[in-house]
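Have the sequence and the 3D view open while you go through it.

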Amino acid sequence: MEIKNFTITKRDGSKDQFSLDKIMNAILKAFDSVEQPTDLGAISKILSRLDIHNDITVEDIQNQVEEALMREGYYKVAKSFMLYRQAHSEDRETLAKLQFLSEYCDSVNAATGSKYDANANVEHKNIATLIGELPKSNFIRLNRRLLTDRIKKMYGKELADEYIDKLTHHFIYKNDETSLANYCASITMYPWLIGGTISIGGNSTAPTNLKSFCGGFVNMVFMVSSMLSGACATPEFLMYMNYFLGKEYGLDYYKRTSEQADMSLKKRTLDKVITDYFEQIVYTLNQPTGARNYQAVFWNVAYYDRYYFESIFGEFYFPDGSKPDWDGLSWLQKRFMKWFNQERTKTLLTFPVETMALLVDENGECKDKEWGDFTAEMYAEGHSFFTYMSDNADSLSSCCRLRNEITDNGFSYTLGAGGVSTGSKSVLTINLNRCIQYAVNHKIDYLEYLGGVIDLCHKVQMAYNENLKELQEHGMLPLFDAGYININRQYLTIGINGLVEAAEFMGLKITPNDDYLHFVQGILGLIEKYNKQYRTKEVMFNCEMIPAENVGVKHAKWDREDGYFVPRDCYNSYFYVVEDDSLTIIDKFKLHGAPYIEHLTGGSALHMNLEEHLSKQQYAHLLKVAAQEGCNYFTFNIPNTVCNDCGHIDKRYLKECPHCHSKNVDYMTRIIGYLKRVSNFSQPRQEEAARRFYAHAKSEV
Amino acid sequence: MLKYVNTGIVFQEIPDEVTLAINISNCPCRCPGCHSHYLWEDIGLPLDTDAIDDFVRKYGTDITCIAFMGGDGDPKGVNQLALYIHETYPEFKVAWYSGRIRITSAICKTDFDYIKIGPYIKHLGPLKQPTTNQRLYRQTENGEWEDITSRFWKK
């Protein structure tokens with residue numbers, strides 16, 4: 001080996017003068033550590049095997065030393081050298097964790113401090129949230145290893161390498177890589193109703209009365225949620241509660257709610273008894289949860305109009321052989337919504353996320369007039385919830401973002417309540433902006449290039465599915481075994497992000513126009529083609545425009561760093577540009593209408609941002625507009641004002657507290673589907689929220 | 001000849017309706033403190049029955065009401081378009097935001113469903129202020145005009 005003036009690259013990327021002495025010392029130490037004598041001749045022979053070039057990395061030199069030691073026959077010395085390296089790399093990792101720990105403690109809030117997978121559902125940062133953050137990097141490594149090992153087995157090493165390459169170069173993004181559990185599920189509680197929590201590792205028996213139902217429900221949701229990385233939807237919640245209310249107070253209980261139902265000194269009415277149970281359940285489930293790194297459980301519920309209810313639960317039987325009573329449930333649904341809307345003026349309550357499921361006729365009119373009317377009424381009263389409209393009861397939401405088709409409405413005593421069991425096992429997202437720009441810049445047809453990426457995503461998801469099956473075979477997934485979730489009704493989800501930005505790169509105008517529509521349909525149609533191609537009896541795929549709470553920010557940052565066209569700091573999660581004030585409300589409904597969302601089988605909820613509340617008649621008309629345009633999943637989002645000084649909560653979007661006139665106010669808004677305080681979102685998301693255009697209900701005249 | 005500068009979908013101007021507001025230029029009122037200075041000049045695209053047809057083609061029944069914002073330079077022109085809409089597209093209501101103190105007798109008020117009158121007077125405030133001089137009337141089923149200005153004052 002010739003000695004020259006080399007520079008080497010250190011681990012932190014900085015350069016240093018190459019020093020032969022340092023390498024010699026390290027080798028001598030390794031010999032010493034195993035008490036093997038050596039001489040200058042032997043060391044020279046080892047050194048002569050090294051191939052040092054300018055800017056070589058420390059890692060590379062050490063790898064070469066290892067190999068040289070072995071080639072010269074010093075196996076024991078080589079092993080000692082490897083162990084020494086390993087110990088140092090562990091030290092470095094601990095050091096990095098220590099540094100993260102102190103940075104996290106200094107960050108403004110939990111979402112900004114989080115290095116991986118920031119989530120606004122953590123309200124405060126403290127020791128419990130910190131404990132949740134620290135192992136995240138290990139989970140990412142573990143999940144990647146689990147997946148690549150499986151991909152190698154199923155499709156070969158080349159594909160596994162391509163997955164890591166596309167992942168590390170941000171063409172794709174694996175959602176929830178920091179968790180081991182499958183994503184989100186809409187569960188049937190039927191197994192709990194007949195057997196309690198024993199089958200999923202708990203110790204409570206089946207609920208027998210209203211009190212044990214309400215108490216047990218909370219525990220059951222906590223248990224289920226700790227085995228999911230995302231949301232847990234309980235579409236039967238109010239139906240079961242209505243069943244126990246009927247058993248306890250008679251089927252016509254809702255006609256006598258002003259009667260006294262309590263022998264205590266408080267003499268509570270039946271209505272008060274019911275709303276006290278609401279309070280107990282809702283407040284408990286909004287608490288930070290120990291088993292989920294201090295995040296609340298992502299609890300979701302559904303309301304139905306009569307027709308939706310009948311088509312889903314028409315064949316449902318309770319264990320005592322009775323059928324659900326619609327009239328009681330209809331009353332209870334309304335009571336819960338009214339109560340929850342009221343309660344939200346007292347406390348910031350994020351959960352449950354509610355979805356109203358309405359059936360519409362061919363003219364876009366709600367089939368159930370009463371419930372269509374009530375939906376408009378609740379929006380006009382300032383309540384914030386999602387609406388899902390369809391001409392047949394084909395879908396349910398498993399969380400605030402994914403709606404999943406339900407294939408079988410049939411009720412079965414062994415499988416539970418038919419169609420309510422659905423959800424998404426895993427989400428793998430394609431960064432469309434980068435993929436399309438890469439293809440165009442390399443003169444490749446972008447659909448052809450995307451086809452390759454989409455195919456890769458499907459294979460990776462198939463591999464994930466095999467890993468999940470293996471976990472299930474080892475008894476690790478009791479939710480599936482006990483029938484809360486039916487694995488065959490769960491989807492593997494292909495997420496998309498950066499669609500609007502990619503269209504802007506292609507020079508398209510983001511308005512309802514044929515060119516943009518053609519672009520959208522081309523891409524989503526291609527994904528659907530692969531979704532169908534990979535579908536088997538046991539795997540189903542769907543496609544979702546992900547809310548990209550933090551992925552949208554990351555993609556924008558990474559793509560900008562790598563020299564791509566990036567028109568904004570956070571990629572849109574809608575079909576329109578969120579800060580574009582020239583689009584009308586009707587344009588936005590059109591851009592989330594049937595032609596655009598046709599292939600978006602996993603859904604995308606339109607968040608219609610408004611500055612002021614509308615009247616009931618106006619909301620009623622907008623429901624009709626949504627139905628006519630074929631926009632099936634949406635919510636109206638009017639920021640609620642929270643006074644930082646006196647704590648007053650107002651349903652309106654105000655600059656000043658109407659109570660104490662303080663200008664120190666914060667807002668509750670939906671950015672990712674969950675209604676949260678703006679100040680709890682990560683820094684870049686807060687900036688997006690500030691830029692977001694809330695349509696003025698008033699013109700400038 | 002009426003001209004318009006832009007349009008918008010609005011909710012506050014006409015209570016309970018989803019309204020296409022057409023902002024008409026060449027406004028002769030020129031209220032001191034006007035928020036829409038850009039409408040004082042004679043600019044924009046022609047507002048005729050063809051333009052109305054285009055709007056209807058674009059929005060269909062996604063809207064419930066079409067409102068003329070201004071047009072006091074040619075009230076008869078506004079009246080003709082209102083009549084055209086009622087005759088051709090009876091599903092839409094027609095509204096007129098006029099800056100005049102009263103509607104001239106040359107206008108057939110029954111061709112409108114809503115009429116707002118009154119210039120903007122700064123110290124009296126806009127429709128939202130209970131002290132406003134402006135008034136919004138709605139034609140009831142028996143053809144009378146009901147003052148619904150108080151709808152703007154509710155919390």
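This is a predicted model: local features need pLDDT of at least 70, side-chain atom pairs count only at pLDDT 80 or more; totals for chains, interfaces and linings use all residues.

**Helix 1 of chain B**

- Helix 1 of chain B runs over residues 49–59, and its buried residues are Ala51(B), Ile52(B), Asp53(B), Phe55(B), Val56(B) and Tyr59(B).
- Look just past the end of helix 1 of chain B and you'll find Gly60(B) with a positive phi of about 50°.

- Overall, the model comes with an ipTM of 0.86 and a pTM of 0.85.
- For chain B, the mean pLDDT is 94, with 99% of its residues at 70 or more.

**Where chain A meets chain B**

- On the chain A side 22 residues are in contact, and on the chain B side 24.
- Putting chain A and chain B together buries about 2000 Å², and carbon and sulfur atoms give 54% of that area.
- Between chain A and chain B there are nine residue pairs in polar contact, with both residues at pLDDT 80 or more.
- Two helices of chain A, helix 22 (585–591) and helix 24 (616–629), each supply at least two residues of the side that touches chain B.
- Helix 24 of chain A gives the most to that side, with seven residues.
- By type, the residues on the chain A side split into seven nonpolar, eight polar and seven charged.
- Salt bridges between chain A and chain B number two.
- Glu612(A) and Lys128(B) form a salt bridge through their side chains, at 3.2 Å from N to O.

**Asp16(B), with partners in both chains**

- Asp16(B) is in the loop between strand 1 and strand 2 of chain B.
- Leaving out residues up to four places away in sequence, Asp16(B) touches Ser615(A), Gln617(A), Gln618(A) and Arg151(B).
- Across to chain A, the side chain of Asp16(B) makes a polar contact of 2.6 Å with the side chain of Ser615(A).
- Within chain B, Asp16(B) forms a salt bridge with Arg151(B), side chain to side chain, at 2.9 Å from N to O.
- Arg151(B) lies in the segment after strand 8 (145–147) of chain B, so its pairing with Asp16(B) ties together parts that are 135 residues apart in sequence.
- Arg151(B) counts as partly exposed, because its relative accessibility is 33%.

**Salt bridges inside chain A**

- Over all chains, the structure holds 53 salt bridges.
- Arg434(A) and Asp562(A) are joined by one, at 2.9 Å from N to O.
- That pair links distant parts of the chain, 128 residues apart: Arg434(A) sits in helix 16 (residues 432–441) of chain A, and Asp562(A) in the loop between helix 21 (551–561) and helix 22 of chain A.
- Are the two partners buried or exposed? Arg434(A) counts as buried, since its relative accessibility is 2%, while Asp562(A), at 46%, counts as partly exposed.
- Glu629(A) and Lys590(A) also meet in a salt bridge, at 3.2 Å from N to O.
- Glu629(A) belongs to helix 24 of chain A and Lys590(A) to helix 22 of chain A, so the two are 39 residues apart in the chain.
- Glu629(A) is buried at 17% relative accessibility, and Lys590(A) is buried too, at 18%.
- Elsewhere, a network of salt bridges links Lys338(A), Asp373(A), Glu377(A), Glu381(A) and Lys616(A).

**Tyr464(A) in helix 17**

- Tyr464(A) is found in helix 17 (residues 446–473) of chain A.
- Why does Tyr464(A) count as buried? Its relative accessibility is 13%, and the cut-off for buried is under 20%.
- Skipping residues up to four places away in sequence, Tyr464(A) touches Leu147(A), Ala181(A), Asn182(A), Lys425(A), Ser426(A) and Leu492(A).
- The side chain of Tyr464(A) reaches the backbone oxygen of Lys425(A) at 3.4 Å.
- Tyr464(A) and Ser426(A) are 38 residues apart along the chain, with 7.9 Å between their C-alpha atoms.

Definitions and conventions:
Residues are numbered from 1 along each chain as its sequence is written. Chains are lettered from A and ligands numbered from 1 in the order in which they are written. Side-chain values use heavy atoms; hydrogens and water are left out. Contact means heavy atoms within 4.5 Å. Buried area is the accessible area (1.4 Å probe) that two parts lose on being put together, summed over both. A salt bridge is a side-chain nitrogen of Lys or Arg within 4 Å of a carboxyl oxygen of Asp or Glu. A polar contact is a pair of N or O atoms within 3.5 Å; within protein, one must be able to donate a hydrogen and the other to accept it, and residues adjacent in sequence count only if both atoms are side-chain atoms. Helices (H or I, at least four residues) and strands (E, at least two) are DSSP runs, numbered from the N terminus. Ala, Val, Leu, Ile, Met, Phe, Trp, Tyr, Cys and Pro count as nonpolar, Asp, Glu, Lys and Arg as charged, and the others, Gly among them, as polar. pLDDT is the predictor's confidence in each residue, from 0 to 100. Buried means under 20% relative accessible area, exposed over 50%, partly exposed in between (1.4 Å probe, protein chains only).
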